[in-house]
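Please brief me on this predicted complex.

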Amino acid sequence: MAQRLVVDPITRIEGHLRIEAEVDASNTITKAYSSGTMVRGIEIILRDRDPREAWAFTQRACGVCTTVHAFASIRSVEDALGIQIPKAANLIRNLMIAQQYAHDHVMHFYHLHALDWVDVVAALKADPKETANIQQSISDWPNSSPAYFAEVQKRVQAIVDSGQLSIFANGYWGHPAYKLPPEVNLLAVAHYLEALDWQKDVVKIHTIFGGKNPHPNFVVGGVPMPIDLNSDTALNANRLAIISDSIAKIQTFVNQVYLPDLLAIAPYYLDYASLGEGLGNFLTWGEFPGDDNRDTSQFLVPRALILNRDLKNVTEPDPRDFERMKEFVAHSWYTYKEGDNTGLHPWNGETQFNYTGPNPPYDLLNVDQKYSWLKAPRWAGTPVEVGPLARVLVMYANDKAQTRDLVDSVLKTLDAPIEAVFSTLGRTAARAIETKIFADHMTTIYEDLIAEIKAGNTRTFNGDQWEPLSWPSNAKGFGFMEAPRGALGHWVVIKNGKIENYQMVVPTTWNASPRDEKDQAGAYETSLVGTPLAVPDQPLEILRTIHSFDPCMACAIHMVDVDGNQVGESSTGLNVCMV
Amino acid sequence: MNIGNRKIVLGLGNTLNRDEGLGVHALKALEEYLRLSHGQQIPVELLDGGTLGLNLLMLVEEASHLLVLDAINAGKPPGTLIELDRDEIPLYRGIKMSEHQVSFQEVLGLAKFRGKFPKYLHLIGIQPADISIGVEPSLAITATFPKVIARSIACLQGWGLLA
């Protein structure tokens, strides 16, 4: 049998994704398997509960993207009950959603993904004067003096001298796949540190609109924040000023730091513009609705399906389509009443655990059988990728906002053809591009909100259908959210005022999906095939591609280890073993 | 080294995993004791840090005095107290058992990296007995709380924060 590498866990936060990759004699990956090793189970907790409180449970699926499951949940209930939310409430939601993208993507880039490309220790060899020159040439960001970068370098030196690399302790420093000049490494390390200050300011948008962060408050029918310019406890002029200031800070950082850094780093990794593509199929549920969540024509990010890279034939998938939208469990640790080779639409979804894997600790999973706690969602039987690349392609195909200009100008800067977007680098670039699009869009949303307030339209909650007595005895709803990591859907079935069935199909379920009943591999599994590894027991190349999807395993799978053992293990960062 | 002046006692851990959340439970015991002895005039902030990870960075950086209560795996018998002072705390992975988010040692490491390390920092850890699913800490752990409270008071007195 071919040599199989195991990378487990792969995220620096949350954890519990396991990748097994087979390499050939030349150390190129020939097959890859993606497994979620923890179960979520929130669907079971929600049975028979009040649908109006489901959001408070679902948002606990993750401690990082703490709004997305709440949004998908309240939208699913509003969809089921036909609740229309006031315009001001929708604008406030859209501001929160845009903030979440900027916050999440910047933190992902600098704190999770950058270390795959940036050699922190190599920054010690940099000439701070040259780093200052680079900074001044790429943007107007004020922290650009040689003295500033010399100070950052001194901090890196102090950490290295102390022998405690701390948060960087698990990096593969000195790995031959690191290609940046020392000066660019130093630039990125400086911004890694600055992003920590930045996030503290931009999170205020969620704190104000949701009362707290993480895990802001939500309400079915609107937002829990009243608007009253003369009240100390409502959205008033003072708080609007803080929101406006946060928006400006987001835009400045994205325009002057994030996007320029991406363009400064990418030219050294153009080999990743032809690696890590994966499926070539993409799906979005869409985002930034207008006044009506069901009117997809108003969305900034359209609801769309792209097959085989074909941007000319983009169609709109219907999440209510019982035939096309299905989840499979042939290779997942679940069982279906009608047999494990059948597929189920989420409204008919079942959450019946059936663990058949080995008892931990184990060396390898039996990938011919069931091997993951993730189900395998498929659109019309086809595996698809979701996330920033899907959104940017869909906006590109539909010529939305500045997408074409931005994509074309990034490609021109890198001297790369359009095909280069279907890659690890393309995915990482798409994340930065959409961050700029959404950050800039915040100005429009904010101005619309101010106009509504000035016109006296300050209602933020529609309570007409709040009482269960006003509900039909049977109702089905779909709630969408383009989470930072991709298309998220919640499907709810309400019967006699209670939740009869609830299914969450999260972005990482699509991307990290195991094989299905036809043995079709998922997005992660496909994206790794063909990637050569320079040092097989330090598979940095695997991390680059998997991190480019921004895995958030706590979203996909959660809470219960099958036998409780792993909870006690300390395994932040990476454990890599060769078997 | 640090511009902040907050005086904080921080309880850490996941209260859904029994003793993994002992730092939070110990914090509540300490709070109860201080309410009885000091009424409303408690001169330190008592904060439940849960499993917030990176979100705790700003709080750490704003503290001049930081006393941390947390579960520590030192391979000792359950209920053993392990105290580490400022420069004895390892700033890399290894102590925190919950894998949720960035570990607190990494947060401390980042604060140090950014030149915003609390001037007074002390960790009181307890070796957990049971970190399986459950919301109550085990008896072996709650039995140590009087000692944890006494050591916390001594630490805060040593810093001149309590009479």
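The briefing below goes topic by topic.

This is a predicted model, in which local features need pLDDT of at least 70, side-chain atom pairs count only at pLDDT 80 or more, and totals for chains, interfaces and linings use all residues. Residues are numbered from 1 along each chain as its sequence is written, chains are lettered from A and ligands numbered from 1 in the order in which they are written, and side-chain values use heavy atoms, without hydrogens or water.

**Confidence**
- The predictor assigns the complex an ipTM of 0.81 and a pTM of 0.90.
- Helices (H or I, at least four residues) and strands (E, at least two) are DSSP runs, numbered from the N terminus.
- Residues 93-101 of chain B stay under 50 in pLDDT. For this stretch the model has 47 contacts (heavy atoms within 4.5 Å) beyond four places in sequence.

**Nonpolar cores**
- A nonpolar core is a set of buried Ala, Val, Leu, Ile, Met, Phe, Trp, Tyr and Cys residues joined through side-chain atoms within 4.5 Å. Buried means under 20% relative accessible area, exposed over 50%, partly exposed in between (1.4 Å probe, protein chains only).
- The largest core holds 162 residues; Phe209(A), Leu449(A) and Phe104(B) touch the most other members.
- Helix H4 (residues 87-117) of chain A gives the most to this core, 17 residues.
- Beyond its neighbours within four places in sequence, Phe104(B) contacts Leu10(B), Leu12(B), Leu56(B), Val60(B), Leu66(B) and Val68(B).
- A second, separate core has 25 residues, including Leu27(B), Val44(B), Leu46(B) and Leu156(B).

**Helix H5 of chain A**
- In H5(A) (residues 128-138), the buried residues are Pro128(A), Thr131(A), Ala132(A), Ile134(A) and Gln135(A).
- They lie on the same side of H5(A), because they cover an arc of only 160° around the axis. The arc is that of the directions from the helix axis to the C-beta atoms.
- Lys129(A) and Ser137(A) are exposed on the other side of H5(A).
- The cover over the buried residues of H5(A) includes helices H6 (146-161), H7 (182-202) and H9 (237-265) of chain A.

**Sheet in chain A**
- An open sheet of 3 strands runs in the order S7-S6-S8, with antiparallel pairing.
- S7 (343-344) and S8 (376-379) of chain A are at the edges, each with a single partner strand, so one side of each has no neighbour in the sheet.
- Glu327(A) stands opposite Leu344(A) in S7(A).

Terms used: pLDDT = per-residue confidence, 0-100. Pairing = 2+ DSSP bridges.
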